[in-house]
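Student: I am new to this structure. Please show it to me, and let me ask how the terms are applied.

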Amino acid sequence: MMRTILVTGGTGFIGTHTVVALQEKGYNVVIADDLSNSNIDSVDRIEKITGVRPEFIKVDLSNEAECNLLFNTHDDIEGIINFAAFKAVGESCEKPIEYYKNNIGILLNVLDNMKKHNIKYIVHSSSCTVYGQPDKLPIKEDSPTQFAESPYGNTKQMAEDILHFSTQTTGIKAIALRYFNPIGAHKSGIIGELPNGVPNNLMPFITQTGMGKRKALTVFGDDYPTPDGTCIRDYIHVVDLAEAHVVSMDRFFDNKNKANLEFFNIGTGNGFSVLEVIKSFEKTSGVKLNYVIGGRRAGDIIQIWADTTYAEQELGWKARKTLDEMTLSAWNWEKELAKS
(Lines give C-alpha, C1' and ligand atoms only; values in the text may rest on other atoms or scores of the structure.)
Protein backbone atom coordinates (compact mmCIF):
# COMPACT_ATOMS: atom_id res chain seq x y z
CA MET A 1 0.00 0.00 0.00
CA MET A 2 1.38 3.41 -0.99
CA ARG A 3 1.88 5.84 1.84
CA THR A 4 0.54 9.36 1.27
CA ILE A 5 2.78 12.33 2.02
CA LEU A 6 1.58 15.94 2.10
CA VAL A 7 4.19 18.30 0.67
CA THR A 8 3.47 21.91 1.59
CA GLY A 9 5.06 24.41 -0.76
CA GLY A 10 5.35 21.51 -3.19
CA THR A 11 5.30 23.58 -6.39
CA GLY A 12 8.37 25.56 -5.32
CA PHE A 13 11.99 24.95 -6.21
CA ILE A 14 12.93 22.39 -3.56
CA GLY A 15 9.36 21.12 -3.32
CA THR A 16 9.08 20.01 -6.94
CA HIS A 17 12.37 18.11 -6.81
CA THR A 18 11.32 16.44 -3.57
CA VAL A 19 7.93 15.44 -4.99
CA VAL A 20 9.75 13.78 -7.91
CA ALA A 21 12.08 11.95 -5.52
CA LEU A 22 9.16 10.82 -3.34
CA GLN A 23 7.22 9.51 -6.31
CA GLU A 24 10.26 7.68 -7.60
CA LYS A 25 10.55 6.01 -4.17
CA GLY A 26 6.93 4.84 -4.36
CA TYR A 27 5.17 7.44 -2.20
CA ASN A 28 1.82 8.98 -3.11
CA VAL A 29 2.06 12.77 -2.91
CA VAL A 30 -0.45 15.53 -2.23
CA ILE A 31 0.83 19.06 -2.88
CA ALA A 32 -0.51 22.07 -0.96
CA ASP A 33 0.66 25.49 -2.17
CA ASP A 34 -0.72 29.01 -2.50
CA LEU A 35 1.40 29.69 -5.63
CA SER A 36 2.65 32.98 -4.16
CA ASN A 37 6.18 32.26 -5.37
CA SER A 38 5.67 29.39 -7.80
CA ASN A 39 3.59 28.31 -10.77
CA ILE A 40 0.89 25.71 -11.33
CA ASP A 41 2.86 24.53 -14.38
CA SER A 42 5.16 22.77 -11.89
CA VAL A 43 2.54 20.03 -11.48
CA ASP A 44 2.59 19.35 -15.23
CA ARG A 45 6.39 19.28 -15.16
CA ILE A 46 6.46 16.76 -12.30
CA GLU A 47 4.07 14.50 -14.22
CA LYS A 48 6.25 14.78 -17.31
CA ILE A 49 9.24 13.43 -15.38
CA THR A 50 7.60 10.68 -13.31
CA GLY A 51 4.51 9.80 -15.33
CA VAL A 52 2.41 10.33 -12.20
CA ARG A 53 0.37 13.47 -11.58
CA PRO A 54 0.37 14.45 -7.90
CA GLU A 55 -2.84 15.80 -6.44
CA PHE A 56 -2.61 19.58 -6.15
CA ILE A 57 -4.58 21.80 -3.77
CA LYS A 58 -4.30 25.57 -3.86
CA VAL A 59 -4.48 26.66 -0.24
CA ASP A 60 -3.14 29.37 2.04
CA LEU A 61 -1.93 27.31 4.97
CA SER A 62 -1.46 30.41 7.11
CA ASN A 63 -5.26 30.72 7.02
CA GLU A 64 -6.56 28.46 9.75
CA ALA A 65 -9.90 27.70 8.09
CA GLU A 66 -8.29 26.79 4.76
CA CYS A 67 -5.71 24.62 6.48
CA ASN A 68 -8.38 22.82 8.52
CA LEU A 69 -10.43 22.12 5.39
CA LEU A 70 -7.43 20.53 3.68
CA PHE A 71 -6.85 18.10 6.53
CA ASN A 72 -10.56 17.40 7.05
CA THR A 73 -10.84 16.26 3.42
CA HIS A 74 -7.64 14.17 3.33
CA ASP A 75 -7.67 11.43 5.96
CA ASP A 76 -4.99 9.33 4.27
CA ILE A 77 -2.00 11.58 5.03
CA GLU A 78 0.68 9.71 7.00
CA GLY A 79 3.54 12.19 6.86
CA ILE A 80 4.25 15.82 6.02
CA ILE A 81 7.19 17.60 4.45
CA ASN A 82 6.84 21.29 5.23
CA PHE A 83 8.42 23.72 2.76
CA ALA A 84 5.71 26.39 2.86
CA ALA A 85 7.32 29.67 3.91
CA PHE A 86 8.49 33.05 2.70
CA LYS A 87 12.22 32.63 2.20
CA ALA A 88 14.10 35.80 1.17
CA VAL A 89 16.58 37.08 3.76
CA GLY A 90 16.68 40.63 2.42
CA GLU A 91 12.92 40.91 2.01
CA SER A 92 12.37 39.63 5.54
CA CYS A 93 14.33 42.59 6.87
CA GLU A 94 11.92 44.88 5.02
CA LYS A 95 8.75 42.93 5.92
CA PRO A 96 9.37 41.26 9.28
CA ILE A 97 5.75 41.10 10.44
CA GLU A 98 4.62 39.42 7.22
CA TYR A 99 7.37 36.81 7.62
CA TYR A 100 6.45 35.99 11.22
CA LYS A 101 2.72 35.77 10.46
CA ASN A 102 3.24 33.53 7.44
CA ASN A 103 6.09 31.22 8.41
CA ILE A 104 5.11 30.64 12.03
CA GLY A 105 1.38 30.67 11.28
CA ILE A 106 1.72 27.90 8.72
CA LEU A 107 3.70 25.66 11.06
CA LEU A 108 1.26 26.15 13.94
CA ASN A 109 -1.75 25.38 11.73
CA VAL A 110 -0.08 22.27 10.33
CA LEU A 111 0.96 20.98 13.77
CA ASP A 112 -2.51 21.64 15.15
CA ASN A 113 -4.02 19.51 12.40
CA MET A 114 -1.41 16.81 12.83
CA LYS A 115 -2.49 16.53 16.46
CA LYS A 116 -6.20 16.50 15.57
CA HIS A 117 -5.80 13.88 12.84
CA ASN A 118 -3.15 11.73 14.53
CA ILE A 119 -0.49 12.35 11.87
CA LYS A 120 2.79 11.42 13.48
CA TYR A 121 5.61 12.48 11.15
CA ILE A 122 6.90 15.80 9.83
CA VAL A 123 10.11 16.69 8.03
CA HIS A 124 10.56 20.42 8.44
CA SER A 125 12.47 22.72 6.14
CA SER A 126 14.88 24.45 8.48
CA SER A 127 18.00 26.37 7.53
CA CYS A 128 21.62 27.00 8.37
CA THR A 129 20.47 30.53 9.22
CA VAL A 130 19.55 29.18 12.68
CA TYR A 131 23.28 29.28 13.45
CA GLY A 132 23.55 33.00 12.72
CA GLN A 133 27.11 34.17 12.10
CA PRO A 134 29.08 31.17 13.43
CA ASP A 135 32.12 31.52 15.66
CA LYS A 136 33.64 28.27 14.41
CA LEU A 137 33.55 26.43 11.09
CA PRO A 138 32.49 23.97 9.86
CA ILE A 139 29.10 23.98 11.57
CA LYS A 140 28.01 20.89 13.51
CA GLU A 141 24.49 20.12 14.68
CA ASP A 142 25.49 20.90 18.26
CA SER A 143 27.07 24.23 17.32
CA PRO A 144 25.46 27.05 19.30
CA THR A 145 22.76 29.06 17.58
CA GLN A 146 23.46 32.78 17.50
CA PHE A 147 21.17 35.79 17.44
CA ALA A 148 19.45 35.70 14.05
CA GLU A 149 20.78 38.05 11.38
CA SER A 150 17.33 38.38 9.78
CA PRO A 151 13.62 37.85 10.56
CA TYR A 152 13.73 34.93 8.08
CA GLY A 153 16.47 33.26 10.12
CA ASN A 154 14.58 34.01 13.31
CA THR A 155 11.44 32.30 11.99
CA LYS A 156 13.55 29.19 11.38
CA GLN A 157 14.88 29.34 14.95
CA MET A 158 11.38 29.84 16.33
CA ALA A 159 10.05 26.96 14.24
CA GLU A 160 12.63 24.60 15.73
CA ASP A 161 11.68 25.79 19.24
CA ILE A 162 8.02 25.13 18.46
CA LEU A 163 8.88 21.64 17.18
CA HIS A 164 10.96 20.98 20.30
CA PHE A 165 8.11 21.63 22.69
CA SER A 166 5.35 20.23 20.46
CA THR A 167 7.04 16.87 20.01
CA GLN A 168 7.35 16.45 23.79
CA THR A 169 3.59 16.31 24.34
CA THR A 170 1.74 15.45 21.13
CA GLY A 171 3.20 12.16 19.91
CA ILE A 172 4.47 13.95 16.80
CA LYS A 173 7.97 13.04 15.65
CA ALA A 174 9.94 15.60 13.67
CA ILE A 175 13.14 15.94 11.70
CA ALA A 176 14.43 19.44 11.03
CA LEU A 177 16.75 19.55 8.04
CA ARG A 178 19.07 22.52 8.40
CA TYR A 179 20.06 22.97 4.83
CA PHE A 180 22.51 25.27 3.34
CA ASN A 181 22.22 26.85 -0.14
CA PRO A 182 20.38 24.76 -2.72
CA ILE A 183 21.07 25.47 -6.39
CA GLY A 184 20.98 23.49 -9.64
CA ALA A 185 18.13 21.69 -11.37
CA HIS A 186 16.87 18.25 -12.33
CA LYS A 187 18.94 16.51 -15.01
CA SER A 188 15.92 16.46 -17.34
CA GLY A 189 15.87 20.25 -17.53
CA ILE A 190 12.11 20.05 -16.91
CA ILE A 191 12.08 21.47 -13.38
CA GLY A 192 14.32 24.03 -11.68
CA GLU A 193 14.26 27.29 -9.79
CA LEU A 194 11.76 29.76 -11.23
CA PRO A 195 10.82 32.50 -8.76
CA ASN A 196 8.04 34.92 -9.57
CA GLY A 197 9.46 38.36 -10.37
CA VAL A 198 13.04 39.38 -9.59
CA PRO A 199 15.01 36.51 -8.03
CA ASN A 200 16.23 36.84 -4.44
CA ASN A 201 18.61 33.90 -4.73
CA LEU A 202 21.99 33.95 -6.42
CA MET A 203 21.75 31.16 -8.99
CA PRO A 204 18.57 32.15 -10.85
CA PHE A 205 19.85 35.72 -10.98
CA ILE A 206 23.08 34.42 -12.53
CA THR A 207 21.32 32.29 -15.14
CA GLN A 208 18.76 34.98 -15.98
CA THR A 209 21.58 37.48 -16.43
CA GLY A 210 23.47 34.99 -18.57
CA MET A 211 20.36 34.57 -20.71
CA GLY A 212 19.92 38.33 -21.06
CA LYS A 213 16.73 38.56 -18.98
CA ARG A 214 18.57 40.71 -16.45
CA LYS A 215 20.99 43.50 -17.33
CA ALA A 216 23.57 42.69 -14.66
CA LEU A 217 24.05 40.71 -11.48
CA THR A 218 24.86 42.71 -8.35
CA VAL A 219 27.35 41.05 -6.01
CA PHE A 220 26.45 42.30 -2.55
CA GLY A 221 29.80 43.33 -1.07
CA ASP A 222 33.41 42.49 -1.87
CA ASP A 223 34.92 43.75 1.38
CA TYR A 224 34.11 40.79 3.64
CA PRO A 225 36.96 39.04 5.52
CA THR A 226 37.08 36.15 3.03
CA PRO A 227 39.77 35.22 0.47
CA ASP A 228 38.11 37.14 -2.40
CA GLY A 229 36.01 39.52 -0.28
CA THR A 230 32.62 37.98 -1.15
CA CYS A 231 30.33 35.89 1.05
CA ILE A 232 30.93 32.15 1.29
CA ARG A 233 28.17 29.55 1.33
CA ASP A 234 27.83 25.78 1.24
CA TYR A 235 26.01 25.29 -2.07
CA ILE A 236 24.20 21.97 -2.48
CA HIS A 237 22.57 20.47 -5.55
CA VAL A 238 18.79 20.50 -5.14
CA VAL A 239 18.55 16.85 -6.26
CA ASP A 240 20.89 15.82 -3.42
CA LEU A 241 18.79 17.93 -1.05
CA ALA A 242 15.54 16.35 -2.24
CA GLU A 243 16.97 12.90 -1.57
CA ALA A 244 17.70 13.93 2.03
CA HIS A 245 13.99 14.58 2.55
CA VAL A 246 13.07 11.15 1.22
CA VAL A 247 15.55 9.29 3.45
CA SER A 248 14.30 11.35 6.40
CA MET A 249 10.72 10.23 5.75
CA ASP A 250 11.94 6.65 5.31
CA ARG A 251 13.62 6.96 8.70
CA PHE A 252 10.25 7.52 10.38
CA PHE A 253 8.53 4.57 8.74
CA ASP A 254 11.54 2.33 9.46
CA ASN A 255 11.39 3.40 13.13
CA LYS A 256 15.03 4.49 13.09
CA ASN A 257 14.60 7.94 14.63
CA LYS A 258 16.42 8.25 17.95
CA ALA A 259 14.51 11.20 19.40
CA ASN A 260 11.16 12.91 18.98
CA LEU A 261 12.99 15.79 17.29
CA GLU A 262 16.19 15.31 15.32
CA PHE A 263 18.35 17.86 13.49
CA PHE A 264 20.60 17.26 10.50
CA ASN A 265 22.90 19.56 8.54
CA ILE A 266 22.28 19.09 4.83
CA GLY A 267 25.15 20.49 2.79
CA THR A 268 28.32 19.39 1.04
CA GLY A 269 30.86 20.38 3.66
CA ASN A 270 32.52 22.79 1.22
CA GLY A 271 32.29 26.57 1.12
CA PHE A 272 32.31 28.54 -2.14
CA SER A 273 32.32 32.30 -2.54
CA VAL A 274 29.92 34.25 -4.74
CA LEU A 275 32.75 34.92 -7.20
CA GLU A 276 33.66 31.23 -7.29
CA VAL A 277 30.05 30.38 -8.21
CA ILE A 278 30.19 33.00 -10.99
CA LYS A 279 33.45 31.54 -12.30
CA SER A 280 31.98 28.03 -12.28
CA PHE A 281 28.96 29.27 -14.22
CA GLU A 282 31.17 30.99 -16.80
CA LYS A 283 33.18 27.78 -17.20
CA THR A 284 30.26 25.38 -17.56
CA SER A 285 28.06 27.65 -19.68
CA GLY A 286 30.71 29.35 -21.80
CA VAL A 287 28.95 32.67 -21.08
CA LYS A 288 30.79 35.72 -19.76
CA LEU A 289 28.60 37.11 -16.97
CA ASN A 290 27.91 40.81 -16.61
CA TYR A 291 28.14 41.61 -12.91
CA VAL A 292 28.81 44.65 -10.74
CA ILE A 293 29.95 45.00 -7.15
CA GLY A 294 27.39 46.62 -4.86
CA GLY A 295 27.15 47.32 -1.15
CA ARG A 296 26.53 44.73 1.51
CA ARG A 297 22.96 43.42 1.88
CA ALA A 298 21.18 43.52 5.23
CA GLY A 299 20.97 40.17 6.99
CA ASP A 300 23.74 38.39 5.06
CA ILE A 301 26.05 36.09 6.99
CA ILE A 302 29.74 36.38 6.04
CA GLN A 303 30.59 32.70 5.65
CA ILE A 304 29.15 29.33 6.59
CA TRP A 305 29.54 25.71 5.60
CA ALA A 306 28.46 22.42 7.12
CA ASP A 307 29.98 19.47 8.85
CA THR A 308 27.79 16.73 7.37
CA THR A 309 29.29 13.78 9.27
CA TYR A 310 26.23 13.22 11.45
CA ALA A 311 23.79 13.19 8.51
CA GLU A 312 26.03 10.76 6.65
CA GLN A 313 26.20 8.43 9.66
CA GLU A 314 22.55 8.53 10.70
CA LEU A 315 20.69 9.01 7.41
CA GLY A 316 23.12 7.13 5.18
CA TRP A 317 22.97 10.20 2.96
CA LYS A 318 25.74 12.21 1.33
CA ALA A 319 25.72 15.04 -1.21
CA ARG A 320 27.47 13.82 -4.36
CA LYS A 321 27.20 16.51 -7.01
CA THR A 322 29.94 19.10 -7.64
CA LEU A 323 29.65 22.87 -7.97
CA ASP A 324 30.20 22.61 -11.73
CA GLU A 325 27.34 20.07 -11.96
CA MET A 326 25.15 22.50 -10.03
CA THR A 327 25.84 25.52 -12.24
CA LEU A 328 25.63 23.50 -15.46
CA SER A 329 22.26 21.97 -14.53
CA ALA A 330 20.92 25.41 -13.58
CA TRP A 331 22.04 26.76 -16.96
CA ASN A 332 20.45 23.85 -18.83
CA TRP A 333 17.19 24.58 -17.00
CA GLU A 334 17.39 28.26 -17.96
CA LYS A 335 17.94 27.29 -21.61
CA GLU A 336 14.91 24.98 -21.51
CA LEU A 337 12.82 27.83 -20.15
CA ALA A 338 13.95 30.04 -23.02
CA LYS A 339 12.55 27.52 -25.51
CA SER A 340 9.06 27.56 -23.99
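Student: What area do domain 1 and domain 2 bury between them?

Tutor: About 3000 Å², with 67% of it on carbon and sulfur atoms. Buried area is the accessible area (1.4 Å probe) that two parts lose on being put together, summed over both. In domain 1, I183, D234 and Y235 lose the most area to domain 2, together 23% of what that side buries. This is a predicted model: local features need pLDDT of at least 70, side-chain atom pairs count only at pLDDT 80 or more, and totals for chains, interfaces and linings use all residues. Residues are numbered from 1 along each chain as its sequence is written, and side-chain values use heavy atoms, with hydrogens and water left out.

Student: What are the bounds of domain 1 and domain 2?

Tutor: Domain 1 is 4-183 + 234-266, and domain 2 is 202-233 + 270-338. The bounds come from an automatic or database domain assignment. The domain centres, taken over C-alpha atoms, are 23 Å apart.

Student: How many residues of each domain are in contact with the other?

Tutor: 36 residues of domain 1 and 32 residues of domain 2. Contact means heavy atoms within 4.5 Å.

Student: What makes E314 and R251 a salt bridge?

Tutor: The rule asks for a side-chain nitrogen of Lys or Arg within 4 Å of a carboxyl oxygen of Asp or Glu. The side chains of E314 and R251 meet at 2.8 Å, N to O. Side chains of opposite charge can pair when their charged atoms come close. Across the interface of domain 1 and domain 2 the rule finds two salt bridges, and a search of the whole structure finds 17.

Student: Which parts of the chain does the salt bridge of D324 and K283 tie together?

Tutor: These side chains meet at 2.6 Å, N to O. D324 lies in helix α11 (residues 323-339) and K283 in helix α9 (residues 274-285), so the pair ties together parts 41 residues apart in sequence. Helices (H or I, at least four residues) and strands (E, at least two) are DSSP runs, numbered from the N terminus. The chain has 11 helices and 13 strands.

Student: Why does the radius of gyration agree with a compact globule?

Tutor: Set the value against the rule. The radius is taken over C-alpha atoms, and the globule rule is 2.2 Å times the number of residues to the power 0.38. With 340 residues, a compact globule would have a radius near 20 Å; the chain has 19 Å, so the two agree.
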